[in-house]
Every structure is written in C-alpha cells, then in structure tokens.
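Keep the sequence and the 3D view open while reading.

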Amino acid sequence: MIEIINSGFYTSIQDNGRNGLKNFGVPISGAMDQYSFSWANKLLNNLTNSAVLEMSFKGPKICFHEDTFIAITGALMGPKLNGFSVEMNKPIGIKKKDILQFGNVTKGSRTYLSVLGGFQTQKILGSRSQFKGITTIERINKQTVIPIKNLSFNLFKGAVIKHTMMDFNENILTAYEGPEFGLLPDNIKDQLGSQKFHLSHLNNRMGFQLKGKIKVKLPQIWTAPVLPGTVQCTPEGKLIILMRDAQVTGGYSRLLQLDDGALNCLAQKNTNDSLQFRIKKLT
Amino acid sequence: MKSHKKDKMSPLSLPFSIFKLHPKALLLEWNQKPSRKLLFEIITFKAELEIKLEGVSQITMGYHSLLIEWNVKVLSKNFMYSTLSIIYFSIDYTKPTYNRHWKIPVCYEDEFAQDLERLSQELYLSPQQVIEIHSRGIYWVYFIGFLPGFLYLEGLDSKLFFPRKNRPVLKVPKGSVAIGGNQTGIYPNLSPGGWHIIGKTPVALFDPKKKPYCFAKSGDTLSFEAISKMEFENIEKKITEGSFTLA
C-alpha cells in the first residue's frame, strides 16, 4: 500500500471512467488527459484501464509501504524520490519506506502516477474513478492509504516504446461544428475560428470557462445529452467547455465539440493560458 | 401542386435531424417540441436501436433528442440516415411500453422546506395550497441527467411556476424536493442548486450499490405524498434496516 502524507492541490484516483451509465445521470469521469494516463500504464505494462493518481497543479507527498515500480507522466512537477530528482516517463523501482514528493507544476497542469498493477481502490459501477455520490470518497486526502498489488516486474534494459510526447505549448484545439454553430452570424463564426481565447480561473474536472464573452443571441434549447469537449454558450455569451466530470445533459447551446486529442491537450492548460479553435465540419 | 406537397410529406422522411456531434457520436433531434407522445416514441425507438445497431456503447436521452455513441468512428451521415430510417419505420409505436407509477413520500414541514413560506407568498398562495397542488399532480419522468439519479419531471401545475433563484445556494440537502421555472425535481445528493426547496423525501434516488441504480426510468410516472415528520423518520429507519419498499 501507499500512504498519502500530503494530498497536494487536487489529487484523485482515475482510470478510463464509467461507460454506459449516462441514462442514470452518471458522468464518464476518468483521467482528464487520457493520453498521459495511458502512457503511464504502458510504461509498466499495466492493463490499459489500471487506476492511476491524477495530480493537479501541485502534487502530493507519498510514502510507499512496499516495494513496487512506478511511472510518472504528464505535467512537470519536479518529482523527488527521497529528496533526489527522479526522471519522468520511465519505470522506476521503489523500495519500502521510499518517499516520493511532487512540487508545484511548472509546465502543463496534470501529472499522472501509475503503480505496478494499478491502484486497488474499490471499483464502483465498473470504475475506480472518484466522483462525489458514486465512490465513498471523492478525492484523495491527507493520510489516505491506497492498496496496491504485490507483483514482480521485469525491467528490460534497453527496451523502447514508441511514444510521441505531448507538446504543452500546443494551443490549437481541433473542434467540430456543434448543433447550434450554424445559427451563428458569419462574424461570430470567424471570431470563434480565429480569436485567441484565454482560460478563466473557473476550471476544474467538470468544466473550463473561457474569459470574455461573445456577442450573440441564441435561442434556448431543450436539455439534451452532451459530451466531454462540448463547448457551450451561456445566455450571456460565456463559453464553457465540458470536461470529464461534467453532467451528462445540458441546456445551453452547443457551438463546438472538441476532438478527443484536443480535450487531452486542454486538460493540461492552466488559468490564463491561451487557446485557439481550428474548426472542422464532420460529414 | 398537390403532388409536390405529397412529395414533401413523403412517408420516408425521418421526423428528426441527424447531426454528427463527434467522430464517434450522432445526435438525433426531433423537429418538434417535447410531448408525452414524443417521449414514448423516443423510448420505443431507443430500445430498438439498442438491439439493432452494432458497436454502440450507449444511447442517452434528452427532451426531444437521442445521442448515440459508438466505440469506433461512425460511418457517414448519409449511410446512417438509411440505417436509422429502416429501424425507425419498422417499429409499431402504438405498442404499449412497460411503465410504473411511484408514490414518493415527501415531508413538507418547515424543517425541510426552507423556501416554502417565501415561495407561497410570491405565488399568492398559502403554503398549504402549494403543498396540495404539488402533491396532487402526476409527473412524467422524461430522462435522468444533471446528477446521478436526477429525474427530469414534466407535469408541474402552472400555478406553481416560478423563476429560479438568482444566486444558487451552495448546499442543497440530499432528498430536497424543489421547484424551479416550470419544473419540479428531487436533489439526489448534496449539491449546489437554484431551485426553491419545499420539502424532503427520505427515499434514495440513486444507489450505486443496488440494481437498478435508480428505481425510476424514462416513461414512468410519479406523485408526491405528503407525510409528517414522524412518518419521515419512520421511513428513514426502515430504509436503514432494509425493510422499506417504495409503492
């Protein structure tokens, strides 16, 4: 097992999330940046849906109570093992009583920590992803103890996995025209496709609100299903991008829909970061 | 002229538009306002799609829409148009669906009804009248959304329509029964909310440890039954003992 000595800013257990339960109003949840999440598991040859720790903005301090292997991917938080800097994006051997500590994020916003075999918290509705009202605890707190599996791991020296690192400077997000996009006047369509937007401080696992407003009057819509990556426009013209913990239905007009890759990229953005939409039409 | 009109009304034109929302998802939106008739058409069509469409991961309902998600990329919209047409027109929409009625016990007493007094005044009704109107209505479950177990209910008496609070309250207790706009609903969990709270039910709307996770489903009806605080506590006790069944 591992023990959380200090929880960081917002740390939670995440995996692929829950599928097929939207008809009960259950959000998908799961790792915000699915790309870095799956990379963290691949490095340890874990099953693709193994649960990891998702750490946002400032990482935790962790004590290991048994030998294992770990891998760290995603945002840069200057991880230190027993006080010494430790490399990211590779398997690392851990001994009992080792202390792993993360600092403040310097690039990106979410870091993933995988452990051999995945974290063994209780699976609820097919997933370990923590969410209020579903899992017994909604996030990792100080002194939480998380069980892990006792497995052996062969570290093949010189083994190479082909992987393209995410570019944290990338700020162009591929988006598809949403159901109400066609109702927009041409100047607003152009604005959406060319303007630099900035992320407001209202950003969490449910949604990211962008700064500023667009000047448009849109008809009210009947509440309808939405997806992570749906870009909604409120009656006052604010843009909200739904993220993995978002509610499954929404009543605001839907201007754009982010591509899955763009959603992973967005998950690594921070307050004030700029972003731009590259709008495509699906056929 | 006549034949042109006939053409437009061709029996093979689908009553909904098909929109590719995502490479792996199609959104179907009906060209009409929500109604009970449409609700049952959507429920029946959805059930048939779940059987006949391949590779679907889930289908989600809205007031007049369905979102179909696949595990893989969807074929072109034109191709899907014909597939969906074949399924849509093969269904007998007059066949009855199996639906239940649920009686939800609600305690409207002051302790659980923090907004009842104020809302009654605003509606020029007495709290007793609000309770009476609210508890004599029959409500249709359209779909579940917003939060796990939150039922979108239709059927609120227009006498009780009242705009939502300007500023949402941060903590609405679990089980709170509330009115917002032209809707009434039950908060399945402690959450922020902008509706006016008029009572509380001891019944759980969502339980991840018990199947079905929510007792109600789209197309069911429910009504609210006024209970005293003592009955509320009794039911609460029975629920913890596991001896309570919802009628």
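## Chain B: burial and make-up

In this predicted model, chain B has 247 residues, and 50% of them are buried. Its secondary structure consists of 6 helices and 13 strands. The C-alpha trace of chain B spans about 65 × 45 × 35 Å along its principal axes.

Chain B exposes about 13,100 Å². Carbon and sulfur atoms supply 55% of that area. Chain B carries 32 positive and 24 negative charges, and their mean positions are 8 Å apart.

## Backbone exceptions

Start with the general rule. Most residues other than glycine have a negative phi, and most peptide bonds are trans.

B:Y124 has a positive phi, near 55 degrees, and is not a glycine. B:Y124 lies in the loop of chain B between α4 (116-122) and α5 (127-136). Is B:Y124 buried or exposed? Its relative accessibility is 77%, and exposed means over 50%, so B:Y124 counts as exposed. Chain B also has a cis peptide bond, from B:K211 to B:P212, with omega near -10 degrees. B:P212 sits in the loop between β12 (196-200) and β13 (221-227) of chain B.

A:L125 is not a glycine, yet its phi is positive, at about 55 degrees. The residue is in the loop between β10 (107-115) and β11 (145-146) of chain A. A:L125 has 14% relative accessibility, and the limit for buried is under 20%, so A:L125 counts as buried.

## Chain A as a whole

Chain A has 3 helices and 20 strands. Its C-alpha trace spans about 60 × 35 × 35 Å along the principal axes. What radius of gyration would a compact globule of 283 residues have? The rule gives a value near 19 Å; chain A has 20 Å, which agrees.

Of the 283 residues of chain A, 57% are buried. Consider contacts in chain A between residues at least 6 apart in sequence: 76% of them join residues at least 24 apart. Chain A exposes about 12,400 Å², with carbon and sulfur atoms supplying 51%. It has 34 positive and 20 negative side chains. The centres of these two sets lie 3 Å apart.

## A buried isoleucine in chain A

A:I140 is in the loop between β10 and β11 of chain A. Its relative accessible area is 2%, so A:I140 is buried.

Which residues does A:I140 touch, leaving aside neighbours within four places in sequence? Its contacts include A:I4, A:S7, A:T11, A:S12 and A:I13. A:L53, A:Q130 and A:I146 are also in contact with A:I140. A:H198 is 58 residues from A:I140 along the chain, and their C-alpha atoms are separated by 29 Å.

Technical notes
Residues numbered from 1 in each chain as written. Chains lettered and ligands numbered in written order. Predicted model: local features only at pLDDT ≥ 70, side-chain atom pairs only at ≥ 80, totals over all residues. Heavy atoms only, no water. Helix = DSSP H or I, 4+ residues; strand = E, 2+ residues; numbered from the N terminus. Rg over C-alpha atoms; globule rule 2.2 N^0.38 Å. Buried < 20%, exposed > 50% of the residue type's maximum accessible area, 1.4 Å probe, protein only. Contact = heavy atoms within 4.5 Å. Areas by Shrake-Rupley, 256 points an atom, 1.4 Å probe, with all protein chains shown as cover. Lys, Arg positive; Asp, Glu negative; His and termini not counted. Charge placed at Lys NZ, Arg CZ, Asp CG, Glu CD.
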